[in-house]
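Hi,

Here is the structure I promised to pass on.

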Amino acid sequence: MEFQGKRWTNSLVMEKIAGKRIRSLELFNTSVDDDLLEMIAKNGTLTSIHISSQVITDRGITSIAAQNPVESFMLSGLPNVTDECMNTICDCKTIRELYLDGTSVTDDGVESISNLPDLWSLVIDNTSITDSGIKKIASKTIDLISFEDCPITGTGFSTWDQPDKMSFYCNGSDLTDDG
């Protein structure tokens with residue numbers, strides 16, 4: 001289900017999804033907050049979530065990750081999502097796509113990403129993650145990584161052992177020939 005715009009509040013969204021088994025949820029710049037995510041998380045049915053919000057914090061994201069078999073976890077423009085929720089997100093072993101675009105996740109928070117056994121797509125655009133953080137991930141499963149507008153030169157990828165080809169999206173990064 002998709003909800004877009006400030007008119008969507010916690011009560012309106014709950015009214016719309018009442019009695020339904022929600023597997024996919026998209027919240028784009030709504031007025032909903034962590035309380036709604038905690039209520040929805042209790043159902044334990046979400047496999048895909050895409051959120052763009054200035055309001056949602058680590059509390060709401062943690063509740064979703066801890067109680068749902070999420071495969072596609074896409075966070076875009078959530079400045080209140082930090083390193084604090086990364087261990088819980090990465091305890092959700094079903095995640096195949098993880099987007100942390102525009103979050104406040106740093107090098108300290110990304111290390112647990114290497115614990116995701118089936119992660120194939122990682123987006124860390126518009127974060128402060130550097131080559132130091134990339135070294136901590138050192139994944140053998142990621143086929144696509146996007147680090148647009150990040151302070152990454154590419155040297156962090158030297159620790160990765162990728163037997164097959166890999167796709168990079170790096171516009172606005174500090175990628176160098178050495179990297």
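This is a predicted model: local features need pLDDT of at least 70, side-chain atom pairs count only at pLDDT 80 or more; totals for chains, interfaces and linings use all residues.

**What I found**

Residues are numbered from 1 along each chain as its sequence is written, and side-chain values use heavy atoms, with hydrogens and water left out.

A few terms, so you can read the rest. Helices (H or I, at least four residues) and strands (E, at least two) are DSSP runs, numbered from the N terminus. Axes are lines fitted to C-alpha atoms, for helices over the stretch in contact, and angles run from 0 to 180 degrees between N-to-C directions.

Two of the pairings are worth a look. β2 and β3 run parallel and are joined by five bridges, with glutamate 26 opposite histidine 50 in β3. Three bridges link β5 (residues 97–101) to β6 (residues 121–123), also a parallel pair, and tyrosine 99 has valine 123 in β6 as its bridge partner.

β3 is mostly covered, with four of its five residues buried (buried means under 20% relative accessible area, exposed over 50%, partly exposed in between, with a 1.4 Å probe and protein chains only).

**The helices**

Back to α3: its buried residues are Asp58, Gly60, Ile61, Ser63, Ile64 and Ala65. The cover over these buried residues includes α2, β3, β4 and α4 (86–91).

The axes of α2 and α3 come within 8 Å and cross at roughly 10°. The two helices α2 and α3 are therefore roughly parallel (angles under 35 degrees count as roughly parallel, over 145 as roughly antiparallel, 65 to 115 as roughly perpendicular and the rest as oblique). On the α2 side the contact uses Asp34, Asp35, Leu37, Glu38 and Ala41, and on the α3 side Arg59, Gly60, Ile61, Ser63, Ile64 and Gln67; contact means heavy atoms within 4.5 Å. By class, this contact of α2 with α3 has four nonpolar, three polar and four charged residues (Ala, Val, Leu, Ile, Met, Phe, Trp, Tyr, Cys and Pro count as nonpolar, Asp, Glu, Lys and Arg as charged, and the others, Gly among them, as polar).

α2 (residues 34–41) also packs with α1 (residues 10–17), at an angle of about 20° and with the axes 9 Å apart. α1 and α2 are therefore roughly parallel to each other as well. Here Asn10, Val13, Met14 and Ile17 of α1 meet Asp35, Leu36, Met39 and Ile40 of α2. The residues of this contact of α1 with α2 divide into six nonpolar, one polar and one charged.

**Some loop residues**

Is leucine 46 buried or exposed? Leucine 46 is buried, at a relative accessible area of 0%, and sits in the loop between α2 and β3. Leucine 46 and isoleucine 22 are 24 residues apart in sequence but 6.1 Å apart in space, C-alpha to C-alpha. Beyond neighbours within four places in sequence, the contacts of leucine 46 include Ile22, Leu25, Ile40, Ile64 and Val70.

Aspartate 107, in the loop between β5 and β6, counts as buried at 14% relative accessibility.

Asparagine 29 has a phi of about 50°, is in the loop between β2 (24–28) and α2, and is partly exposed at 39%. Aspartate 149 has a phi of about 55°, is in the loop between β7 (144–146) and β8, and is partly exposed at 46% relative accessibility.

Cheers

Note on methods. Two strands pair if DSSP finds at least two bridges between them.
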